[in-house]
Amino acid sequence: MVSETTFIAQLKEKQTQEQAFGTLVSQYKERLYWHIRRIVLNHDDTDDVLQNTFIKVYRSIDGFKGESALYSWMYRIATNEALSFLKSKARKYSITSEELQNKMVEDLTADVYFEGDEIQLKLQKAIAKLPEKQRLVFNMKYFENMKYEDISKIIDTSVGALKASYHHAVKKIEQYVTTC
Amino acid sequence: MKAKDLHKKPGFKVPEGYFDSFEATLFEKTAQENNLPKDDGYRIPKDYFETFDDSLLRKLKDKKGGKLIALATYKKVYYTLAAAAAVLLLFIAVKNSLPASGESLYDISSADVEVYIDNGYVTLNSYDIAEVFDDTAIDITSMTEDGIDDENLIDYLHENLDNYNDLMIEN
């Protein structure tokens, strides 16, 4: 297994770029897919955002300075692409981000690629009601089991703030699930 | 030893990293105690990940062709004004270089002006053009009636920004 430094060099070198990029896609596509999916909820939208993420990675790799881990950098791109996608969608429908979140969750009941039961749907509704950053933190911590240090590098927030954010998110979700 | 100093008694230890992971462990247990499901319910089409790489490769090849998204017309107006300024400066330069024979600029045919430029008698640079204008700031948005549409601008950046790193804030 090559070191990350060597792998990055292979990604930048024209002769080895294509093969290295193929390896990169194979290694990260599933993790990035689920990260994006929990933001945009819909499979088709996730597919679009995931492809655009890898295209941005491919185009930007020469400018990658290696100051963060490749994984963190790609996650940041994926997160920004997903959030931009949502903003664009809200603008397209002339609705607020909150209204879009509610609409997306309501659409899950008719989504063939959502097989959640009543409690899982309720959980998604609760998550949709969280502020954007809390939603991200909760998904990354609870579903993706990411370390706070890694989340910190992705969404540019201190570990302490992340822990507090996660705690608040859990409390809000608990309240929603038990009372609604 | 006083009671308040009891905690300082040597010999008491905690596992390494205990306090660092305490909050995380606590919050994790809090979530589990609320019986929140770990499965979010999302599913994917059959063989999605197996076919993803080919789909991405096709899109990459399509993207290499590139696509220009037209912005608002402010750029066209700006270039038109810059071209007009260059022509104005050219007339001034030509007029000043002519002998005072009573001839006006309008007596010179456009073909003669073109030959004059082609032969390198006009040496205009950006500073020469800038001198034609005064120092008042130009409001780009005032050059068009509608200004730049936000949606077009965001779409343009989304489609054409290659170096994503320029927009990202490092941690």
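1. A surface patch, as the term is used here, is made of residues with over 30% relative accessible area and no salt bridge, with nonpolar side chains joined within 5 Å. In this predicted model, B:Val14, B:Tyr18, B:Phe19 and B:Phe22 form such a nonpolar patch. Together they have about 410 Å² of accessible area. B:Phe22 belongs to helix α1 of chain B, residues 18–33. Its relative accessibility is 40%, so B:Phe22 counts as partly exposed.

2. Next, the overall make-up of the chains. Chain A has nine helices and zero strands. From the N terminus, its elements read α-α-α-α-α-α-α-α-α. Chain A has 180 residues, and 53% of them are buried. Chain B has six helices and zero strands. Its pattern along the sequence is α-α-α-α-α-α. Of its 171 residues, 20% count as buried.

3. One helix pair in chain A deserves a look. Two packed helices are described by the angle between their axes and the distance between the axes. For helix α2 (residues 14–40) and helix α3 (residues 43–60) of chain A, the axes come within 9 Å and cross at roughly 140°. That angle makes α2(A) oblique to α3(A). Angles over 145 degrees would count as roughly antiparallel. The crossing of α2(A) and α3(A) is right-handed.

4. Most residues other than glycine have a negative phi. A:Ser94 is not a glycine, yet has a positive phi of about 55°. A:Ser94 sits in the loop between α4 (70–93) and α5 (97–107) of chain A. With 67% relative accessibility, A:Ser94 counts as exposed. A:Asp156 also has a positive phi, near 55°. Its place is the loop between α8 (148–155) and α9 (159–179) of chain A. A:Asp156 counts as partly exposed, at 36% relative accessibility.

5. Now the charged pairs. Over all chains, a search of the whole structure finds 13 salt bridges. One of them links the side chains of A:Asp107 and A:Lys103, at 3.1 Å from N to O. Both residues lie in helix α5 of chain A. They are four residues apart, so about one helical turn separates A:Asp107 from A:Lys103. A:Asp107 is partly exposed, with a relative accessible area of 39%. A:Lys103 is partly exposed too, at 37%.

6. Which residue of chain B forms a salt bridge with A:Glu115? The partner is B:Arg43, and the closest N and O atoms are 3.2 Å apart. A:Glu115 lies in the loop between α5 and α6 (118–128) of chain A, and B:Arg43 in the loop between α1 and α2 (48–65) of chain B, so this pair joins two chains. A:Glu115 counts as exposed, at 53% relative accessibility. B:Arg43 counts as partly exposed, at 26%.

7. B:Arg43 has another salt bridge to consider. Its side chain meets that of B:Asp39, at 3.0 Å from N to O. B:Asp39 counts as partly exposed, at 33% relative accessibility. B:Arg43 therefore pairs with A:Glu115 and with B:Asp39, and is itself partly exposed.

8. A:Arg38, A:Glu144 and B:Asp40 are linked in a network of salt bridges.

Conventions
Residues are numbered from 1 along each chain as its sequence is written. Chains are lettered from A and ligands numbered from 1 in the order in which they are written. This is a predicted model: local features need pLDDT of at least 70, side-chain atom pairs count only at pLDDT 80 or more; totals for chains, interfaces and linings use all residues. Side-chain values use heavy atoms; hydrogens and water are left out. Patches are made of residues with over 30% relative accessible area and no salt bridge: like charges are joined within 9 Å, nonpolar side chains (Val, Leu, Ile, Met, Phe, Trp, Tyr) within 5 Å. Accessible areas come from the Shrake-Rupley method with a 1.4 Å probe; for residues, only the protein chains shown count as cover. A salt bridge is a side-chain nitrogen of Lys or Arg within 4 Å of a carboxyl oxygen of Asp or Glu. Buried means under 20% relative accessible area, exposed over 50%, partly exposed in between (1.4 Å probe, protein chains only). Axes are lines fitted to C-alpha atoms, for helices over the stretch in contact, and angles run from 0 to 180 degrees between N-to-C directions. Angles under 35 degrees count as roughly parallel, over 145 as roughly antiparallel, 65 to 115 as roughly perpendicular and the rest as oblique. A crossing is left-handed if the near helix is turned anticlockwise from the far one by less than a right angle, and right-handed if clockwise.
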